[in-house]
Amino acid sequence: MAEMGSKGVTAGKIASNVQKKLTRAQEKVLQKLGKADETKDEQFEQCVQNFNKQLTEGTRLQKDLRTYLASVKAMHEASKKLNECLQEVYEPDWPGRDEANKIAENNDLLWMDYHQKLVDQALLTMDTYLGQFPDIKSRIAKRGRKLVDYDSARHHYESLQTAKKKDEVKIAKAEEELIKAQKVFEEMNVDLQEELPSLWNSRVGFYVNTFQSIAGLEENFHKEMSKLNQNLNDVLVSLEKQHGSNTFTVKAQPRKKSKLFSRLRRKKNSDNAPAKGNKSPSPPPDGSPVATPEIRVNHEPEPASGATPGASIPKSPSQSSLPAVVVETFSATVNGTVEGSSGTGRLDLPPGFMFKVQAQHDYTATDTDELQLKAGDVVLVIPFQNPEEQDEGWLMGVKESDWNQHKELEKCRGVFPENFTERVQ
């Protein structure tokens, strides 16, 4: 019997709830059609708008904070692996190995402590802050339903009072239902009218505390991490000093095989190849203009009219046998200087000379168009004839010693890795 009674009560509640939903639905339809007035509270509606905005902002902050924590954890893992790599490459006989390992351990602990404090002082506080919103949101929705019930009871009571045939019993019952509905609504309304503005104002203090906590934790973390990094730097500086005398191989940047010198070699071989049936031309005698170009400056006692006293260029038959680049340079010479497209240069420098570099390491040429360098060699840098043939990290030049001896670019010039040299002029 008790079970049946319980079922009967449950069934009665279900029926009552269904009836309430139907009554509310009818009331809302009438209000939308303008056939029934609706109780409105603009101040409360503003509070609801603020509440929804606050909930949206808080939810976004919680999401971004979780993303930040995930990033901290990822950085922790990356830092841990980097330190593990350092421990593996740090050889046992190197000084400072124990200090480096200790720094790596402290680094790991510092990351863990930072992450945990962010969880305790920011994320958990954030979760607590947002934890109050679902209950208030539910109560706002319930208040809305009770307001509809109140409006419906009020309209029913008013309709009975204005009816032509009045039923006092129904009027009394309707009045009782109206008073009950009004009481339930007003109790919920008063509570929310106090809580919503208070919750809205609390956001300022919450944001301040949250971001102050995050900023303070991050500041302390970076201070401690800076100390560890400085300690690690000191260990590595000590290692460098004790092993600074060791020679470390410097490698040149890989380059594409230039086609410049292969074309020059083919052209040179073609120009020097003897005709069929003829003997190879004999090399010029030592001291000839081809073997050792010589430039003389004659000082005329009486310069021509309108000319400036000083050096003049002799017209020598041997000039026609000079290499083209020497003839061009010689013809533009006045008082020991040559005028080029980029300005004025000295006769003892190759055409197009840009600057000097000095080899800091030995470099073994791996191709016929490369310069063989020894540490201390001075190289005169010149431009590529075709800029498109220049590979990144490589320069064109002629060793100063070769240039002073031969004065011939075709024989002496070549490419070399820039990172093996240092600019000196």
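1. Lys 227 and Glu 224 both belong to helix H5 (residues 168-242), where they stand 3 residues apart, about one turn of the helix; helices here are DSSP runs of H or I of at least four residues, strands are runs of E of at least two, and both are numbered from the N terminus. The two side chains form a salt bridge whose closest N and O atoms are 3.7 Å apart, the term requiring a side-chain nitrogen of Lys or Arg within 4 Å of a carboxyl oxygen of Asp or Glu. Glu 224 counts as partly exposed because its relative accessibility is 38%, given that buried means under 20% relative accessible area, exposed over 50%, and partly exposed in between (1.4 Å probe, protein chains only).

2. On provenance, this is a predicted model, in which local features need pLDDT of at least 70 and side-chain atom pairs count only at pLDDT 80 or more, whereas totals for chains, interfaces and linings use all residues. Residues are numbered from 1 along each chain as its sequence is written, and side-chain values use heavy atoms, with hydrogens and water left out.

3. In helix H4, Arg 154 and Glu 158 are 4 residues apart, about one turn of the helix, and they too are joined by a salt bridge, with the closest N and O atoms 3.7 Å apart. Arg 154 counts as buried because its relative accessibility is 13%, while Glu 158, at 37%, counts as partly exposed.

4. Asp 377 and Lys 399 meet in a salt bridge of 4.0 Å, N to O. This pair links distant parts of the chain, 22 residues apart, with Asp 377 in the loop between strand S6 (355-359) and strand S7 (378-382) and Lys 399 in strand S8 (residues 394-399). Asp 377 is partly exposed, with a relative accessible area of 22%, and Lys 399 counts as buried at 16%.

5. Which charged residue is buried yet has no salt bridge? That is Arg 143, for which the nearest side chain of opposite charge, Asp 41, is 4.3 Å away (Lys and Arg count as positive, Asp and Glu as negative, and His and the chain ends are not counted). Arg 143 is found in helix H4 (residues 133-161), and, leaving aside residues up to four places away in sequence, it touches Asp 41, Phe 44, Phe 185, Met 188, Asn 189 and Leu 192, contact meaning heavy atoms within 4.5 Å.

6. For the chain as a whole, the count comes to 12 salt bridges, and 29% of the 425 residues count as buried.
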